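Please look through the sequence and the structure shown here before reading on.

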Amino acid sequence: MIIDRSSVVLLTGASSGIGASLAVMCGARGATVVLVARRADRLATVADEVRAAGGTPVVIVADVSSEADCERVVRTTIEQAGTVDVLVNNAGRGNCASVEDTTTEQLQSIMSLNVNALFWLTGRVLPIMKARNSGSIITVASVAGKMGFPFNAAYVAAKHAAVGFTAGLRAELMATNIHATVVCPDGVTTEWGTATEGSPIGDLFMKGIRASKRYAQQLERPLPPLKRMISADDAASVILSAIEAGRSNDVYTHDGSYEQMLAVAADRMAQEDAMAPLYLGMIEAYQELTPQRT
Ligand SMILES: NC(=O)c1ccc[n+]([C@@H]2O[C@H](COP(=O)([O-])OP(=O)(O)OC[C@H]3O[C@@H](n4cnc5c(N)ncnc54)[C@H](OP(=O)(O)O)[C@@H]3O)[C@@H](O)[C@H]2O)c1
């Protein structure tokens with residue numbers, strides 16, 4: 001689906017990072033971009049950028065981990081923009097806790113945001129798209145939706161669910177002209193590393209990566225296959241292309257991710273062994289960051 005002046009893009013997590021970049025790119029195509037997140041001040045800034053780029057922003061301050069807010073987001077979008085051509089389920093947050101340290105409250109919060117919101121928003125947008133038999137639903141998952149990382153099992157489980165959600169949805173839409181696509185980024189320089197539940201997951205990864213070099217030497221293994229971080233603009237460009245591509249395979253934002261996930265599917269143990277220096281480094285880092293709980 002080509003994004004142009006006639007398009008209405010409903011975009012969650014629009015106040016920073018990948019979502020803010022994508023909002024401005026859609027704005028540059030002249031689209032109406034419905035910007036959804038909790039921070040009103042940050043949404044106002046992104047709205048100015050969308051307007052400056054040539055688009056029409058609509059701001060809805062909402063917490064999509066609440067079903068009532070999701071209902072209000074879709075109702076307000078219809079009232080103010082008339083329809084939804086593209087839904088981008090982008091809002092997401094990680095957690096930083098071992099399985100035994102993950103509280104019920106944290107688990108519910110991570111699942112509500114990263115999984116339940118997909119159903120609450122998509123379920124309400126689909127009747128609109130089905131009525132005219134066109135539309136695109138993009139869900140931003142993660143490579144953590146395909147493989148594991150330590151100390152954020154709630155997030156890893158949630159992103160695996162986001163991948164599964166899209167697979168189920170795409171099958172349901174087989175007889176329609178509505179496309180469902182999942183995008184799996186690896187590291188992107190955004191606020192994700194600090195906007196974590198628990199201590200910042202970014203710190204855990206950085207300390208783990210540093211320690212991984214020592215573990216690789218000790219284990220006489222190659223360094224784990226880590227990707228270079230990319231910018232939010234680069235990730236958003238891939239998402240924009242995915243929207244315009246229509247029906248597609250799972251989409252990766254980083255070179256090498258597709259091949260890595262094929263390898264995970266073929267032999268998960270071998271891939272976990274390849275990641276062992278990083279995982280051991282993160283175990284050391286977690287003990288350092290949360291000494292009272294380990
Ligand atoms: N950065 C990475 O390395 C990376 C890698 C793989 C996948 N991802 C995924 O990419 C997506 C975008 O993340 P990002 O990297 O751009 O991080 P980010 O800069 O932290 O952006 C996250 C966005 O989600 C919004 N959000 C968080 N909780 C929300 C809630 N309860 N209700 C509504 N909006 C909420 C945030 O806005 P407010 O705080 O204003 O609500 C923000 O706009 C996420 O799904 C993330 O899991 C990121």
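A crossing of two helices is called left-handed if the near helix is turned anticlockwise from the far one by less than a right angle, and right-handed if clockwise. Helix 3 passes helix 4 in a right-handed crossing, where helices (H or I, at least four residues) and strands (E, at least two) are DSSP runs numbered from the N terminus. The contact, counted where C-beta atoms placed from the backbone lie within 7 Å, is made by Glu67, Cys70, Glu71, Val73 and Val74 of helix 3 together with Ala117, Trp120, Leu121, Arg124 and Val125 of helix 4.

This is a predicted model, in which local features need pLDDT of at least 70 and side-chain atom pairs count only at pLDDT 80 or more, while totals for chains, interfaces and linings use all residues. Residues are numbered from 1 along each chain as its sequence is written.

Around the ligand there are 30 residues, of which Gly13, Gly17, Arg38, Arg39 and Gly92 come nearest; a residue is counted as near if its C-beta atom, placed from the backbone, lies within 6 Å. Helix 1 (residues 17–28) gives the largest share of this shell, three residues.

Phe151 lies in the loop between strand 6 and helix 5 (153–172), and is buried (20 or more) because 28 other C-beta atoms lie within 10 Å.

Notes: Two residues are in contact if their C-beta atoms, placed from the backbone, lie within 7 Å. A residue is buried if 20 or more other C-beta atoms lie within 10 Å of its own, exposed if 12 or fewer, and partly exposed in between; C-beta atoms are placed from the backbone.
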